[in-house]
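Morning, everyone. I'll take you through one structure today, a piece at a time. Have the view open as I talk.

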Amino acid sequence: MARIVIMQHPLIQHKIGIIRRTETGSRDFRHMISEVAMLMCYEATRDLKLVDVDIETPICPTTVKELEGKKLAVVPILRAGLGMVDGMLTMIPAAKVGHIGLYRNEETLEPVEYYCKLPKDCAERDVFVVDPMLATGGSASAAITMLKEKGVRNIRFMCIIAAPEGVERMKKDHPDVELYIGALDERLNENGYIVPGLGDAGDRIFGTK
Ligand code: PRP
Ligand code: URA
């Protein structure tokens with residue numbers, strides 16, 4: 001079973017508190033989602049490999065650490081995952097970005113696929129799938145299955161709020177995928193929304209309701 005990391009950092013918890021508030025408007029919501037993604041990215045990349053490189057400072061030659069140069073990709077699940085991309089790229093600017101379009105059928109809660117465009121060499125990359133919300137887990141699980149079908153092997157999933165139901169679904173469907181979770185909430189309600197959650201992440205980012 002891969003690692004499940006629930007963020008403890010006070011800055012992350014504080015910003016998630018702001019995101020949850022009903023009165024937080026789209027501009028601040030977007031800004032906070034991006035900042036939380038950036039901070040979570042910092043936590044989720046703690047184990048990236050480093051290599052020694054010989055350089056010269058203005059004073060003398062020395063050896064410094066450099067990222068091994070492993071190729072990374074960020075794959076947001078549309079729409080709401082888009083809100084996390086900038087924050088991720090602030091931390092790892094060399095990453096390529098793929099997109100997977102899925103929406104939940106509001107009655108069945110089953111994910112419906114409508115778009116998939118990935119970097120050509122995606123199978124050789126370590127991929128961070130991002131989506132603010134892990135509710136039933138149907139969307140995340142389907143996105144990861146799509147990536148695996150394209151040969152991607154090293155996958156991490158990052159979400160800002162998760163329901164226990166979604167975590168269980170991921171453990172069952174993709175036990176090899178590391179999960180990075182900003183906050184683990186209580187449950188889903190009868191409409192498949194996370195409680196207490198933050199409402200509809202896509203609508204709040206894009207101001208569509
Ligand atoms: C939301 C969210 C996830 C999904 C989570 O997207 O961003 O993708 O629901 O729910 P699940 O875990 O039960 O699948 P939504 O389907 O509302 O689409 P949107 O991002 O286009 O608004
Ligand atoms: N999708 C959202 O945007 N919010 C939820 O609470 C559940 C799914």
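Histidine 174 is buried, with a relative accessible area of 4%. Buried here means under 20% relative accessible area, exposed means over 50%, and partly exposed is in between, using a 1.4 Å probe and protein chains only. Keep in mind that this is a predicted model, where local features need pLDDT of at least 70, side-chain atom pairs count only at pLDDT 80 or more, and totals for chains, interfaces and linings use all residues. Residues are numbered from 1 along each chain as its sequence is written, chains are lettered from A and ligands numbered from 1 in the order in which they are written, and side-chain values use heavy atoms, with hydrogens and water left out.

Where is histidine 174? Look in the loop between helix H5 (164-173) and strand S11 (178-184). Helices (H or I, at least four residues) and strands (E, at least two) are DSSP runs, numbered from the N terminus. The side chain of histidine 174 has a polar contact with the side chain of threonine 145, at 3.3 Å. A polar contact is a pair of N or O atoms within 3.5 Å; within protein, one must be able to donate a hydrogen and the other to accept it, and residues adjacent in sequence count only if both atoms are side-chain atoms.

Now aspartate 173, which belongs to helix H5. Aspartate 173 is partly exposed, at 27% relative accessible area. Its side chain makes a polar contact of 2.7 Å with the side chain of serine 141. Alanine 95 is 78 residues away along the chain, and the two C-alpha atoms are 26 Å apart.

**Ligand 1**

On to the ligands. Which residues are closest to ligand 1? They are Arg104, Asp131, Thr136, Gly137 and Ser139, out of 15 that surround ligand 1. Near means that a heavy atom of the residue lies within 4 Å.

Aspartate 131 has a side-chain N or O atom 2.4 Å from an oxygen atom of ligand 1. For threonine 136, a polar side-chain atom is 2.6 Å from a ligand 1 oxygen. Glycine 137 uses a polar backbone atom, 2.8 Å from an oxygen of ligand 1. On its own, ligand 1 exposes 500 Å², and the protein buries 91% of that. Those areas come from the Shrake-Rupley method with a 1.4 Å probe; for residues, only the protein chains shown count as cover.

What supplies the shell around ligand 1? Strand S6 (99-104), strand S9 (133-134) and helix H4 (138-149) each give at least two residues. By class, the shell has six nonpolar, five polar and four charged residues. Ala, Val, Leu, Ile, Met, Phe, Trp, Tyr, Cys and Pro count as nonpolar; Asp, Glu, Lys and Arg count as charged; the others, Gly among them, count as polar.

**Ligand 2**

Next, ligand 2. Its surrounding residues include Arg104, Met133, Tyr193 and Asp200. The backbone does a lot of the talking here. Isoleucine 194 has a backbone N or O atom 2.8 Å from an oxygen of ligand 2. Glycine 199 has one 2.8 Å from a nitrogen of ligand 2. Alanine 201 places a polar backbone atom 2.8 Å from a ligand 2 oxygen.

Some geometry now. Most residues other than glycine have a negative phi, and most peptide bonds are trans. The bond from leucine 78 to arginine 79 is cis, with omega near -5°. Arginine 79 is in the loop between strand S4 (72-78) and helix H3 (85-91). The bond from valine 195 to proline 196 is also cis, with omega near 0°. Leucine 109 has a positive phi, near 65°, and lies in the loop between S6 and S7.

**One last residue**

Finish at arginine 204, in helix H6. Is arginine 204 buried or exposed? Arginine 204 is buried, at 16% relative accessible area. Glycine 25 is 179 residues from arginine 204 in sequence, yet their C-alpha atoms are 7.5 Å apart.
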